[in-house]
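Dear colleague,

Please find below the structure that I promised to hand over. Have a look through it first, and then read on for what was found.

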Amino acid sequence: MELSIYKGPGFEILFDVDGRSAQMRTRGALSKLVEHIAEGFNAHAALEKVAAVREEDVVISNLMPPAPSGPFNRLVKAQIKRLLLRKSIPESLMLLTTGKCQCKCKHCIVYGIEGEPELSTKELYYVIDQALELGAYHVSFEGGEPTLRDDIFDLIEHVDANMASTHLITNGLRLTKEYVRKLKNAGLVYLHVSLDSPYQEEHDEFRGVEGTFEKASTGVKYGVEEGLIGIVEYTATPYDSDFERLEDLYKHCSSLGVHEILIDEVVPGGRWEYRDDNLLKREDYERLAEFQNEANKRKSGPRVSSSYSYRDPNIMGCFAGRRWMWISPIGEVMPCLHIPLSFGNVRDLSLKSAWKKIRRHPLFRKKPETCTWRDPQYRENYFGDIRNAIEEERLPYRVEE
């Protein structure tokens, strides 16, 4: 099947879809302008399996909007501006809508980023509007636990579906059939549910709440049944990255109809202590890559993606302060949740001004050679202050002018 996903002046981007696989190509007199997009996709994103093929579109991965769509058009335009004009925009807006949560996860990276009063519905509307005006095509509602906000349906509905795709990241505890249906009706596209283990007792113990595994599993299944793109988020640590666990996770997600398993790496911060034995090692990354490659050769079952692989400097590079913008529950503007530095508060300055401050900072002005949380400059200049701020529960740490 040939699917036209973007038309520009003198060029067109297409997908050749065969089952669960898709290859991108370009055509037209000016197709050279966008060849790098197709080449990059085919080399790093196609992986032999897309998340979903539907009648009206292809869902490559939760990391991209469905194609074709208005948000996907904005993604392409952002990449063209980045290439030709060297212009970086906040492509993804991540909203930590609340610091409240029912769980006490051992790897919680949000621990310490709390405070009162949290942004109101009206204030969050304004933040969303500003981000869309700057070019964002991805809006994610996170926490804490975003379903604890009574206005979450209104917030999702406020996002213009022609401009950005919507994501909700949840522990799953409130995902009844009725609740999931209301998310769908509000306009949610991607439902992300966190699982820390394929085994019920282990997951519940890690989360600190009995019954979380069952509710998360049932919740994402409800989402798939309602027509949402179901994503399971799995944080890889040195203690949960063996083949047996990964295979059991894959089998469990397959049984639920999950479209994609998104693997991220554990990072120092929050409740996760920064010790060498607490971080992934080379052999862990190699094992995860082998699992991902093997899983994506299977004709059925979820796509497997690793968000950290896209941040490789040879692929897209670190997203912090270059593609991502995070907002704390009380409005502090951060380049990334893994880099809890504040460049101002949305109650005091515009997103555009905060983004300019981030882009001028030496950490984010340079071409990234690694994820910023690994950057020696960041570690030397900020990590001590951030560790103190975590202990005192006063994150994010404000960057001085």
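Two strands are said to pair if DSSP finds at least two bridges between them, and the helices (H or I, at least four residues) and strands (E, at least two) are DSSP runs, numbered from the N terminus. Please keep in mind that this is a predicted model, in which local features need pLDDT of at least 70, side-chain atom pairs count only at pLDDT 80 or more, and totals for chains, interfaces and linings use all residues. Residues are numbered from 1 along each chain as its sequence is written, and side-chain values use heavy atoms, with hydrogens and water left out.

Seven bridges join strand 2 to strand 3, and these two run antiparallel; Ile13, for example, has Thr26 in strand 3 as its bridge partner. Strand 1 (residues 2–8) and strand 2 (residues 11–18) are also antiparallel, joined by six bridges, with Gly8 standing opposite Phe11. In the hairpin that these two strands form, two residues lie between the strands, and Gly10 takes a positive phi near 90°.

Helix 7 (residues 212–225) has 14 residues and reaches 20 Å from its first C-alpha to its last, close to the 20 Å expected at 1.5 Å a residue (1.5 Å times one less than the number of residues). Its buried residues (under 20% relative accessible area, 1.4 Å probe, protein chains only) include Phe213, Ala216 and Val220. After helix 7 comes Gly227, whose phi is positive, near 95°.

Best wishes

Notes. Buried means under 20% relative accessible area, exposed over 50%, partly exposed in between (1.4 Å probe, protein chains only).
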